[in-house]
2 protein chains.
Amino acid sequence: MTAYGVLGTGVVGQAIAHKLTSLGHEVGMGTRDVAAARSRTEQGQAGAQPLASWLAEHPHVELATFADTIAASEILINASAGPASVEVLRSARMEDLENKILIDVGNPLDFASGQLDLVPGVTDSLGETLQREFPNVRVVKALNMVSASVMIDPGAVGAGEHTAFIAGNHDAAKTVVTTLLFSFGWRDVRDLGDIAAARGMEAYLVLWARARETFGTSMFSVKLVV
Amino acid sequence: MTAYGVLGTGVVGQAIAHKLTSLGHEVGMGTRDVAAARSRTEQGQAGAQPLASWLAEHPHVELATFADTIAASEILINASAGPASVEVLRSARMEDLENKILIDVGNPLDFASGQLDLVPGVTDSLGETLQREFPNVRVVKALNMVSASVMIDPGAVGAGEHTAFIAGNHDAAKTVVTTLLFSFGWRDVRDLGDIAAARGMEAYLVLWARARETFGTSMFSVKLVV
């Protein structure tokens, strides 16, 4: 049993916290304003459940501030909106981040121009930004290439015959994340190398978003074929 | 039998011209300076054969200027370096482009910063740029997501069980290209919609380049799994 801290209460945070709980892990969920989040009865974005009812269904998940969730957790999951993620981590006390694994499932999507853009372009990435801003955290990029439903139930598409890419600078951290992904049901986990590989994993979202639009579903993934 | 004009003499142009010839098509190859290209005895980039010896092995492929190749061909393949492609097409007489299919296999890669970047970013693409600059051409984006070897021999990886994405504004042109891809050995061709989907297909190159580096081979592809 590991104490996981899920940073973000949206559809991705809810999915991952649910999965971790169902696997018997201790799970905390971080948010900016606990009282506001707890009273949220409206539907969230991208199919997120109203947080009040989600929390009622998950009584063992403790909702707290980002800082308190980070302090109480051994492994962190960045499920906050990509452009906000640095600020989310900055709200932690530095010593509470020390040597912790941060699984970054975020995407730095920017729709300000009316079109999908990537905040860091393709010569940088959210994963690298987090690693650079918080050098004592062990960032592992993972799961950002599929929808929340597929992240936690890879068997729901193609009988699970597809690939999870991961990237990060710390081999031991990647081993931990690989084991976690296997426990989620992933069977083909491919290590792309250091955290700079997050560029490719995030750039892929441009293809993913078009495929979702054209095929009318987010229940898909890709398999690396060699 | 269709007259194909392959624009570019590098590894991609050589591979596609070779394949088209082996399938019995009439093939022209376009270059900037015919005399200079014909006398090229040094190895090309990315494993391209010295052009002089390649031409000797392919006596039925006629090397000509870009303009003359375009004039003589029914279907064009853009196998020029992405950042040069607009200039290559501009060298044609406008009436020689009218209503022709242009299969754009190019990638607008920019290494000027020392890192892989995309000239148009991810809110535009080479495919869209060509369609915008040459509105009377029917641009179909295809094959840019794999190496030259895989383009023409998809069975060489994963027994051919992977996906070719295509995009373009003209359905009839996409049908022609799909038929051509089947003749190359592709079995799973997925239409992503209009030419703006080229953004995702080109952005994917950032992931592709890292995978090639990490796995030490360009003999791979991805399969869309639903």
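Me: Which elements of chain A each supply at least two residues of the lining of the second largest pocket?

Reply: The model is predicted: local features need pLDDT of at least 70, side-chain atom pairs count only at pLDDT 80 or more, totals for chains, interfaces and linings use all residues, and side-chain values use heavy atoms, with hydrogens and water left out. Residues are numbered from 1 along each chain as its sequence is written, chains are lettered from A and ligands numbered from 1 in the order in which they are written. A pocket is an open set of points, on a 1 Å grid over the protein atoms alone, where a 1.4 Å probe fits, with protein on both sides within 12 Å along at least five of seven lines; lining residues have an atom within 4 Å of a point. By that rule the elements are α1 (11-22), α8 (148-152) and α10 (198-215).

Me: Which element gives the largest share of the lining of the second largest pocket?

Reply: Elements are DSSP runs numbered from the N terminus: helices are H or I with at least four residues, strands E with at least two. The largest share is four residues, and it comes from α10(A).

Me: What is the volume of the second largest pocket?

Reply: Its lining has 44 residues, and Val11(A), Val12(A), Gln45(A), Ala46(A) and Ala81(A) lie nearest the centre. Volume is the space filled by probe spheres set on the grid points, which are joined across faces, edges and corners. The value is about 1,200 Å³.

Me: How many residues of the lining of the second largest pocket are charged?

Reply: Asp, Glu, Lys and Arg count as charged; Ala, Val, Leu, Ile, Met, Phe, Trp, Tyr, Cys and Pro as nonpolar; the others, Gly among them, as polar. The lining has 23 nonpolar and 17 polar residues, and the number charged is four.

Me: Is Ala15(A) buried or exposed?

Reply: Ala15(A) is in helix α1. Apart from residues up to four places away in sequence, Ala15(A) touches Ala148(A) and Ile152(A), where contact means heavy atoms within 4.5 Å. Its C-alpha is 8.1 Å from that of Met151(A), 136 residues apart along the chain. Buried means under 20% relative accessible area, exposed over 50%, partly exposed in between (1.4 Å probe, protein chains only), so at 11% Ala15(A) is buried.

Me: Which residue has a side chain joined to that of Asp124(A) by a polar contact?

Reply: Asp124(A) sits in the loop between β7 (117-118) and α7 (126-133), and counts as buried because its relative accessibility is 17%. Beyond four places in sequence, Asp124(A) contacts Thr129(A), Arg132(A) and Arg199(A). A polar contact is a pair of N or O atoms within 3.5 Å; within protein, one must be able to donate a hydrogen and the other to accept it, and residues adjacent in sequence count only if both atoms are side-chain atoms. At 2.8 Å, the side-chain partner is Arg132(A).

Me: Which residues of α7(A) are buried?

Reply: α7(A) is mostly covered, with six of its eight residues buried. The cover includes β4 (75-78), α5 (85-90), β5 (101-104), β8 (138-142) and α10 of chain A. The buried residues are Leu126(A), Gly127(A), Glu128(A), Thr129(A), Leu130(A) and Gln131(A).

Me: What is the relative accessible area of Lys174(A)?

Reply: Lys174(A) lies in helix α9 (171-184). Leaving aside neighbours within four places in sequence, its contacts are Val140(A), Ile166(A), Ala167(A), Gly168(A), Asp191(A), Gly193(A) and Asp194(A). Lys174(A) is buried, at 5%.

Me: Near what value is phi of Asn99(A)?

Reply: Asn99(A) is in the loop between α6 (94-97) and β5. It counts as partly exposed because its relative accessibility is 44%. Its phi is positive in a residue other than glycine, near 65 degrees.

Me: Near what value is phi of Ala159(A)?

Reply: Ala159(A) is in the loop between α8 and β9 (163-168). It is exposed, at 59% relative accessible area. Here too phi is positive in a residue other than glycine, near 50 degrees.

Me: Which residues is Val206(A) in contact with, leaving aside its neighbours within four places in sequence?

Reply: Val206(A) is in helix α10 and is buried, at 6%. The contacts are Leu116(A), Leu118(A), Val122(B), Arg199(B), Gly200(B) and Ala203(B).
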